[in-house]
Amino acid sequence: MGLLEGRVALVTGGAQGIGLAIAQRFAAEGASVVIADIDLDAATAAAEAIDGPAAGVRADVVDPDDVAAMVAATTDRFGRLDVLVNNAGITRDASLKNMTLEQFRQVIDVHLQGTWLGMKEALAVMKAQVADGRADGGAIVNMSSISGKIGNFGQSNYAAAKAGIVGMTKSVAREGAKHAIRVNAIQPGFIDTAMTRAMPADAQEAATSSIPMQRAGQPDEVAKVALFLASDLASYCTGITIEVTGGRHM
Ligand code: NAI
């Protein structure tokens, strides 16, 4: 029996990278999975490749209508929503001197507004399921970053957004707790995805050499922690943030 048998999970930014690994890992543990991504073709292809019940939907997490629609699509298709992973993310790195207001806002919007909207829609559905006895709880996992703990040169937008996600996680954890809806966050370090492969080679080397475990993490190593937080293994954990960094910035 899988750890998420009978559960329905929605993963934003699930078409590639960490989100895709989470969707695959959840499906392997018995969940029905909805992959929401701004790239519909990629979301659809990712869902088709999953071994088990899965669907791909287009959603820009910044858009309130899209976020409401992705949650509605999940409950329409699979009848319920037990797990939301707010994973969609972007970077627009630049020093403070060079960063435009638009770059600042884009990153704040995708991470903070996107996570806030996702939690707002999902919490309402999860609360209703608990109230009418169809569920005994729910779980939300928010993707922060170690950048939100330590700050990174050129990431005044991203570090602010990722630190904000931690505060938001704790606030909503308090609101969800009496309904047995747990809300937690993950702070990955340097994970091998398109996002980090886009960094200059010397920056990638510098990052890797500063990791006590001396290697980048793999997306599934974040997915396994998301599985822990989403499943009953973490039944008494809420409002926490788990670092997945190979020891970097401990
Ligand atoms: P990625 O760039 O490989 O994948 C991000 C996905 O999000 C893509 O499929 C993209 O289409 C989707 N997306 C972007 N904007 C969106 C929007 N507005 N609405 C819906 N979908 C959108 O990135 P990766 O590396 O898999 O990152 C996933 C999450 O993990 C992000 O929140 C990122 O900030 C976070 N993270 C990643 C780290 C890394 O080392 N790769 C380290 C720490 C955190």
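Visitor: Which residues line the largest cavity?

Guide: Happy to start there, keeping in mind that this is a predicted model. The count comes to 1 cavity of 30 Å³ or more, and the largest cavity has a volume of about 50 Å³. Its lining is made up of Thr-12, Val-61, Met-70, Asn-86, Asn-87, Ala-88, Val-110, Gly-114, Thr-115 and Gly-118.

Visitor: Which helix gives the most to the lining of the largest cavity?

Guide: By class, that lining has 4 nonpolar residues, 6 polar and no charged. The top contributor spans residues 101-131 and brings 4 residues to the lining. That is helix H4.

Visitor: Where does the ligand sit?

Guide: Around the ligand there are 29 residues, with Gln-16, Asp-37, Asn-87, Tyr-158 and Thr-193 coming nearest. The protein's open spaces include one that holds the ligand, and that is the largest pocket.

Visitor: Which helix gives the most to the shell around the ligand?

Guide: The shell divides into 15 nonpolar, 11 polar and 3 charged residues. Helices H1, H4, H6 and H7 each supply at least two of its residues. With 3 residues, the one that gives the most is H7.

Visitor: How much of the ligand's accessible area does the protein cover?

Guide: Oxygen atoms of the ligand lie 2.7 Å from a polar backbone atom of Asn-87 and 2.8 Å from a backbone N or O atom of Ile-191. A ligand nitrogen is 3.4 Å from a polar backbone atom of Ala-59. Of the 830 Å² of accessible area that the ligand has on its own, the protein covers 92%.

Notes
Residues are numbered from 1 along each chain as its sequence is written. This is a predicted model: local features need pLDDT of at least 70, side-chain atom pairs count only at pLDDT 80 or more; totals for chains, interfaces and linings use all residues. Side-chain values use heavy atoms; hydrogens and water are left out. On a 1 Å grid over the protein atoms alone, a cavity is a set of points where a 1.4 Å probe fits but cannot get out, and a pocket is an open set with protein on both sides within 12 Å along at least five of seven lines; lining residues have an atom within 4 Å of a point. Grid points are joined across faces, edges and corners, and a volume is the space filled by probe spheres set on the points. Ala, Val, Leu, Ile, Met, Phe, Trp, Tyr, Cys and Pro count as nonpolar, Asp, Glu, Lys and Arg as charged, and the others, Gly among them, as polar. A residue is near a molecule or strand if one of its heavy atoms lies within 4 Å of it. A polar contact is a pair of N or O atoms within 3.5 Å; within protein, one must be able to donate a hydrogen and the other to accept it, and residues adjacent in sequence count only if both atoms are side-chain atoms. Accessible areas come from the Shrake-Rupley method with a 1.4 Å probe; for residues, only the protein chains shown count as cover. A molecule sits in a cavity or pocket if more than half of its atoms lie within 2 Å of its grid points.
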